[in-house]
Amino acid sequence: PAGTLGGGTDASGFPGSDMGAQINAAYAACPSTGCKIVVPPANYSFSTQIVLNTSNKPPILQGSGSNATTLTWTGQSTSTILRSGQQGDVSMGIRDLTISGTSTTDIAPLLELGGSPGFAYATIENVHTTKGRDGIYVGRNVYIIEFNHILSDFNVRDFVIGSGSNSGKTLSVAGASDFGDG
């Protein structure tokens with residue numbers, strides 16, 4: 001059964017074939033007002049895409065530190081690993097974890113923000129993306145986002161604002177001087 005961890009819902013207590021499925025199950029169980037989903041410290045291999053995109057249901061996906069919680073994608077190279085889209089006057093976040101691919105030849109982003117329904121009022125903090133095609137991909141309908149202490153390395157492209165994007169209204173990047181390989 002699901003318990004609590006770090007002031008939130010412990011994702012490892014939910015059923016699923018891997019941590020991606022467990023995070024999705026924890027998100028599905030969140031109330032309509034949203035919740036904090038905590039991933040305990042460990043290195044997790046997973047192949048189930050994490051999707052956090054129900055409008056006005058803001059999650060906070062919280063690891064136990066970017067050096068303590070690592071989610072390593074082992075699924076198809078064409079699938080985005082973690083996709084999040086939120087719309088409405090909501091606040092959500094992704095923090096304190098590493099999202100890793102296994103190869104820079106993958107053709108999808110590790111962390112994709114936006115698209116439909118959009119992505120707004122969020123903080124991405126203490127997140128490390130590594131070994132993917134795109135570390136962080138900012139898609140359509142993204143605004144009022146704060147990026148703090150981001151490390152993106154060993155990706156083909158570390159931080160991408162997609163072409164044709166109407167994103168960019170109040171995107172704040174702080175502590176991201178570590179972009180680059182090595």
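pLDDT is the predictor's confidence in each residue, from 0 to 100. This is a predicted model: local features need pLDDT of at least 70, side-chain atom pairs count only at pLDDT 80 or more, and totals for chains, interfaces and linings use all residues. Residues are numbered from 1 along each chain as its sequence is written, and side-chain values use heavy atoms, with hydrogens and water left out.

**Confidence**

The average pLDDT of the protein is 79, and 74% of the residues score at least 70. Over residues 177–182, pLDDT stays under 50. The model has 18 contacts beyond four places in sequence for that stretch; a contact means heavy atoms within 4.5 Å. Where pLDDT is low, the predicted coordinates should not be read in detail.

**Overall make-up**

The secondary structure comes to 1 helix and 15 strands. Helices (H or I, at least four residues) and strands (E, at least two) are DSSP runs, numbered from the N terminus. Of the 182 residues, 49% are buried. Buried means under 20% relative accessible area, exposed means over 50%, and partly exposed lies in between (1.4 Å probe, protein chains only). The accessible surface is about 7,600 Å², and 47% of that belongs to carbon and sulfur atoms. Accessible areas come from the Shrake-Rupley method with a 1.4 Å probe; for residues, only the protein chains shown count as cover. Among contacts between residues at least 6 apart in sequence, 74% join residues at least 24 apart.

**The helix**

Helix α1 spans residues 19–29. It is largely enclosed by the rest of the structure, because 8 of its 11 residues are buried. Those buried residues are M19, G20, A21, Q22, I23, N24, A26 and Y27. They pack against β3 (35–38), β4 (42–46), β5 (50–52), β6 (59–62) and β7 (69–73). D18 caps the N-terminal end of α1. One of its side-chain oxygens lies 3.1 Å from the backbone nitrogen of G20.

**The disulfide**

The structure holds 1 disulfide, counted as a pair of cysteine sulfur atoms within 2.5 Å. It joins C30 to C35, with an S to S distance of 1.7 Å. Both C30 and C35 are buried. A disulfide is a covalent bond between the sulfur atoms of two cysteines.

**Strands β9 and β11**

Strand β9 covers residues 92–100. Strand β11 covers residues 119–130. The table lists relative accessibility for residues in these strands.

| Residue | Relative accessibility | Class |
|---|---|---|
| I94 | 0% | buried |
| D96 | 17% | buried |
| T98 | 5% | buried |
| N126 | 28% | partly exposed |
| T130 | 8% | buried |

I94 lies in β9. Leaving aside neighbours within four places in sequence, I94 is in contact with L61, L82, L111, T123, I124, E125 and V127. The C-alpha atoms of I94 and K36 are separated by 9.8 Å, although the two residues are 58 apart along the chain.

T98 is also found in β9. Not counting residues up to four places away in sequence, T98 touches S66, T69, T70, L71, H128 and T130. A polar atom of the T98 side chain lies 2.5 Å from the backbone oxygen of S66.

T130 belongs to β11. Beyond four places in sequence, T130 is in contact with T98, I99, S100, G101, L110, D153, F154 and N155. The side chains of T130 and D153 make a polar contact at 3.0 Å. A polar contact is a pair of N or O atoms within 3.5 Å; within protein, one must be able to donate a hydrogen and the other to accept it, and residues adjacent in sequence count only if both atoms are side-chain atoms.

Two non-glycine residues have a positive phi. D96, in β9, has a phi of about 60°. N126, in β11, has a phi of about 50°.

**Strand β10**

Strand β10 (residues 109–113) is mostly covered, with 5 of its 5 residues buried. It is joined to strand β12 (residues 134–138) by 4 bridges, and the two run parallel. Two strands pair if DSSP finds at least two bridges between them. L111 has I136 as its bridge partner in β12. L111 is also among the contacts of I94.
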